[in-house]
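Subject: Structure handover

Dear colleague,

I am passing on a structure that you have not worked with before, and my notes follow below it. Please read them alongside the model.

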Amino acid sequence: MFNSRYEALMDKFVIRGGNRLKGTIQVSGAKNAALPAMAAAILTDDPVVLENIPQVRDIETERKLLAAMGAEVELGYGRAHHRTSICCRNLASPEASYELVKTMRASTLVLGPLVARFGRARVSMPGGCAIGARPIDLHIKGLEKLGATITQEHGYVEARCDRLRGAEILFDKITVTGTEDLMMAATLADGETVLENAAREPEVVDLADLLNRMGAHIEGAGTSTIRIKGVSSLHGARHRIIPDRIEAGTFIIAGALAADELKIQNCEPRHLGALLQKLRECGVELQTEADCVVVRANGKLTAADITTEEYPGFPTDMQAQYMALATQAEGSSFIVENIFENRFMHALELVRMGADVRIEGRRAIVRGRTPLSAAAVQCSDLRASASLVIAAMVADGETILDRVYHVDRGYERIEEKLRSVGAEIRRIGQMFPKRATVPVAH
Ligand code: EPZ
């Protein structure tokens, strides 16, 4: 479905700035909801059918990860190409290899479900990441609290337990995938588990909805206290993944800088509270309706500070895109990155395009408004790439964006979507070959 890793490494975007955006752009399903949902299928013998799955590289990696363990993972095709059916009845080897985990940290989400369902799991440690150290110590501590015996050797975590037992777990720090991993594990534990200081992200709520459809007893998802009454087994279910609030936010910021009128459709405005409030503070003109946001660029933006926080605060996954907007706002914006220790890789690339950004540890000071000029720039991680795509659309001239495989990890055919509303963007290198048709069992 996707180019080989080597071919993907070759892809670049060529973006000519200055075009006005106009029309309607569709938001895909949320990558960060789809990944834990696919891992949740490990918890039952029955098929789990997920709809509104984004066609992004990380989903492909998760498919390979599950298939390597012996799961049957069928991706829909044609009209059903945003659907997947996963059956773990014949899952034989509860192991997540370094080869796959090193390409996607979220692979560690299989740890809890595997030990809960099979009594053992061997999962590669994820290693370092461009945006920060990102350890998984809180996942491990939580599993130990649930009664698992954990050993770490040769770069792998080995977890063993006949049956997990309910426990009280107070997270030292709010962790999204930590909450999801332990919530999944606790569904099959003996007794009740209480997760305190849990993450409240919409993706956590979506996962709890799926698990409850599979027969779990989860209460409190979306608050910082989640209660899970363990059951002896779970069954199959069909579930529609929520829209991707970060993809929606990315397009809203693009529209705030370059749109005559842009409608961002199939999104969930209530999941975007902190971002929309901040954009209004900057003077962005936007309207929200049930499942869409309409935005217009008025060229009269003023600076506003942000500090990234856990949900419902300002999302760290929108910090880079917001920095691109801040380069076009009058005044100085102070951007504080609270969640990850190294998430300003995009700043120096924006400076190469003429932006005035100064980094002081976890704080960036962006002075605007500074006209941007096209340059050859490089993607370093998923959201940094989105920031550069946005900047290139308002820069003077033609920008060459290298390493766009970072973008493909979390944005479904972003260049086609942006081109459909007037952006001048094309992919060079190996284009996506037409999708191979894969039969799906209904
Ligand atoms: C999730 O990552 C998202 N990924 C990230 O999105 C997002 O940036 C992040 O949450 C924060 O919102 C997925 O959902 C797949 P965390 P996650 O555990 O769960 C520290 C994107 O762009 N920590 O909430 O890995 C950690 O280092 C990606 O789509 C520990 O110290 O993030 C960080 O500083 C990037 N020990 C903080 O907690 C642990 O065991 C929050 O991380 C776990 C986390």
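In these notes a residue is near a molecule if one of its heavy atoms lies within 4 Å of it. The model is a predicted one, in which local features need pLDDT of at least 70 and side-chain atom pairs count only at pLDDT 80 or more, while totals for chains, interfaces and linings use all residues. Residues are numbered from 1 along each chain as its sequence is written, and side-chain values use heavy atoms, with hydrogens and water left out.

Around the ligand there are 21 residues, of which Asp137, Thr175, Thr177, Asp317 and Ile339 come nearest. Among the polar contacts (pairs of N or O atoms within 3.5 Å), a polar side-chain atom of Asp137 lies 2.6 Å from a ligand nitrogen, and a backbone N or O atom of Val176 lies 2.8 Å from a ligand oxygen. A polar side-chain atom of Arg343 is 3.4 Å from an oxygen atom of the ligand.

Turning to the interior, a nonpolar core here means a set of buried Ala, Val, Leu, Ile, Met, Phe, Trp, Tyr and Cys residues joined through side-chain atoms within 4.5 Å, where buried is under 20% relative accessible area (1.4 Å probe, protein chains only). The largest such core has 76 residues, and Leu43, Val110, Leu143, Leu164, Met183, Leu195 and Leu211 touch the most other members. A second, separate core holds 69 residues, including Leu262, Leu279, Met393 and Leu401.

Best regards

Notes: A polar contact is a pair of N or O atoms within 3.5 Å; within protein, one must be able to donate a hydrogen and the other to accept it, and residues adjacent in sequence count only if both atoms are side-chain atoms. Buried means under 20% relative accessible area, exposed over 50%, partly exposed in between (1.4 Å probe, protein chains only).
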